[in-house]
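Have a look at the structure, then read on.

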Amino acid sequence: MHIPDGYLSPATCAVGYVAATPLWVVASRRVTRVVKSRNIPLLAIFSALSFIIMMFNVPIPDGTTAHAVGGVVIAIVLGPWAAVIAVSIALLFQALLFGDGGVLSFGVNAINMAVILPFVGYAVYRIAAGGAALTSRRRVVAGAVGGYVGINAAALAAAIELGLQPVLFKSASGVPLYVPYDLGKTIPAMLLPHLTVAGLCEAILTAAVLSYLQRADVQRLVPNHPGIPITAGDAAPRPSRLSPGKVALAVGIVLVILTPLGLLAPGGAFGEDAPGDLDLGALGLRAVPAGLEKYNGFWSHTLLGGYGFQSGDHANLAYILSAIVGIAVVMAVVFALGKVAQLLSAASGQEQIEAEPHA
Amino acid sequence: MRDATAPPETPAWLLRQPVALCPCGCIGKRQKASYLERTLTGGSDLMHQVMFSEDVARLPGVLQRLDPRVKLVGTMLLLVAVGLAHHITTLLAAYALVLGLAWWSRVALAFFIRRVWLFIPIFTAIVVLPAAFSVVNDGDVIVHLWTWNGEPEGLTSQGLFSAALIIMRVAVSVSLAVLLTITTPWGRLLNGLRGLGVPRLIVLTINMSYRYIFLLLEAVGDMYESRKSRQVRAVKHDAAARATVGASIGTLVGKCGHLAEEVHQAMVARGYRGEVHALDATKMAAIDRAAALTSVVLAAAILSGDRLLGG
Amino acid sequence: MAADPNDHDTLPADAPRGAVFVCRNLQYAYLDRFPALDGVSLDIMPGEMVALLGANGCGKSTLLKVLDGLIHPTSGTFHAFGELVTEEHLEDEQFNMGFRSRVGFVFQHSDAQVFSATVRDEVAFGCLQLGLGPAEASQRVDDMLAFMELESLADRAPFQLSGGQKKKVAIASVLVMNPEVLLFDEPTAALDPRTQSWLADLLSELNAAGKTIVHATHDLHVLEQIATRCLVFSEDHQIIRAATPEEILADHDLLLAANLVHQHPHTHTKTTGTITHSHVHPTTGHHE
């Protein structure tokens, strides 16, 4: 998943650095503030561990190998900000010692593997594990799922970065200057090996390390899991933290990110063509039907017309933006309606309570 | 209770005449390298590479004498210039420049070329060549390979141009990065990073990580070699093999934690309380200023030469 | 005003005057489960060379770490240079600085101790942490590198060195801070014979210059050269004997009980037949 130099335009690399630098600053501040000075050797060693993990070739059935990153494991043990630093350092070594991943594209690689991977993986882990005891099997499964989702999120990000290159950076004659594959090709090409091989590697790695720590050294998990009982017997049973709200939020976020996939489809949705796009000949018509003509364009006061920007550029970004705006508007309206309903029912309930005598 | 001074009984089978586990007593057949071998050799290759790089960094070449900060900034400038080039001619000229710098720094050119081209540019070629086919991206077919529905299909000129451009760009970029790292000892490179504003704590962490990569590699090597020396049959890539990898990594994590505590104690014992102080970075010499200026000039030359060649 | 026995800040009444370290009833258990010290009391006087003897796992390393304020006992008191040493006291910057500059610790595994990019950086680390200016620190570093014959290795990465060289770097990095007390954990372990004897000479020299040395070892070979007093630990994590090296080495039963020597059948072959008997291997005078 490491992107070498030359695949991305300097502009994309600059964006990568601009996005990564404040995150690095925040990460180093948070990490050194939390537990005095003890973190530095721990971070260094986990970063070396991440490097070694990326070197570990895991056998897959046909006799070849693939590799994991280890970012989610570090996030689970030390917290996601520590994972940002540890994986960034491992990537630095890979770029400089192995030439695996470029120097200019270091920022972009760090965003993918050192930011997106640990944070997404850790969030999924937290949601899936809930309040389960540290030694429970559920934590191991949650870790595996987190690892799987995290590495695929990173792969998707890398695919988007690569796929945008021929769209944004072309020579005067329209020839792509950097990566010649557009989104329609980079996304399946990156996601397939990660959904299958690499995702499994990361999941297995996370699960294996977690279960080892559960058996051998569970104390190491305690600092990053405040308030979680160590064994199931340590605390009274609590309601599951996997509330419908949280699950819905997670699903919603995933769906928002996936909205631009629709742009890959060659044609439009059935029955939604604008009058100008109608193929009149094929339909056996000589003119646009009168009603369609009259009412089309009835409502033209739009913010993001057709889910896109005015100029038609950056369609994918516009799609995601539309999705976020749409969800925000709908949630705001529903929330407002809910509040009104609550106020109304509280007012009527108050009368009822006052009417009933206390038992 | 057993007498404390008497050693435990030796098992009987250990004292019998040794019999090879294979009844015919043969040595065995050669098998394809298993994942064990690959991880082991990968680790020792890495060590070898880095050892080698320290040797080149000690030669009396021109790049070795420069301040690492100048080299870092200069490399980034040239990488950006190369990244912005639109013509293959520009990239070829830049590559010649890099080769010249390498030669001037006493780097063996055959080694340098091999180290750069094996593996990333060749890998890039494999990845990018499919884009040159007209079935993938539309274009003017210049190498006619087959016909489909009356249309000639094959390699397109745009595709080949694009492929050549990216392969060349990757090659020059990797060459620049490799040149930087083999002419600079690791310690001085880190000092350069610090001089450019990277927080001291991060540099200390990087320093220690570098150090522990080797420690861990040794630990991994020991674990694998001890497993390999007990491996009688060929290694199967199955669930048991994967479980071994999982357990090895788990053990490494455990070792990591204990090692980190010892290291922290060693630092605390010498007065560390969270602030890192270090010997100051060296001053810039005239040659460094000249080199800085030269890299700016070269980057500008590459860019303007590229623009002159056409839009 | 009589000293309040419950006031832990004051030295215990039975502590000898001018003692460098005073420990009373130290208890410590790793992870609250594995006991390492079970009621250990001792006094270290300035200028002594004290050897802590005992088999692996008896608590010697733990005691050394307590003496350097790296871990803190679960009960019992530890006074250094007349002041009580606790985790809270070490939070105070001045106390910490004073303590760290007067006590140096050389770890058993040099790998944990040498972590800088170059030997020069490694040796300079301690001085700079204590607040010496870069010029003075540089000077001290050069002097120390010359003293330990490490000049040719000054710009090498420490982890690329051999075991003996790493040990020298570790020692140099501690000596450069010029501490009054030196703590060594298994100093001769994993060293070849020539380096071992060099190290023994160095320890004698440092002691002659006035430094107090406390070292943990289970190596009896050079004991008489590098110890004026020995404290023997039992496998129950307690001190069972305190005496001079000669007395300890002569006490075979004690050595056996503490698992410092072994006993095995030993065969002499003569023209009239073989004789097999058991005896203990003391380290001195065995083959005279």
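Two strands count as paired if DSSP finds at least two bridges between them; strands (E, at least two residues) and helices (H or I, at least four residues) are DSSP runs, numbered from the N terminus. This is a predicted model, where local features need pLDDT of at least 70, side-chain atom pairs count only at pLDDT 80 or more, and totals for chains, interfaces and linings use all residues. Residues are numbered from 1 along each chain as its sequence is written, chains are lettered from A and ligands numbered from 1 in the order written, and side-chain values use heavy atoms, without hydrogens and water.

Let's start with chain C. An open sheet of four strands runs β2-β1-β4-β5 in chain C, with antiparallel pairing. Its edge strands, β2 and β5 of chain C, each pair on one side only. In chain C, β1 and β4 pair in the antiparallel sense over five bridges, and Phe21(C) sits opposite Ala80(C) in β4(C).

| Strand | Residues |
|---|---|
| β1(C) | 21-30 |
| β2(C) | 34-44 |
| β4(C) | 75-80 |
| β5(C) | 83-84 |

Now for chain B. Helix α8 of chain B (residues 186-195) is mostly covered, with seven of its 10 residues buried (under 20% relative accessible area; exposed is over 50%, partly exposed in between; 1.4 Å probe, protein chains only). Among the buried ones in α8(B) are Trp186(B), Leu190(B) and Arg194(B). Just after α8(B), Gly197(B) takes a positive phi of about 110°.

Elsewhere in chain B, Val143(B) is found in strand β1 (residues 141-148). Val143(B) is partly exposed, with a relative accessible area of 33%.
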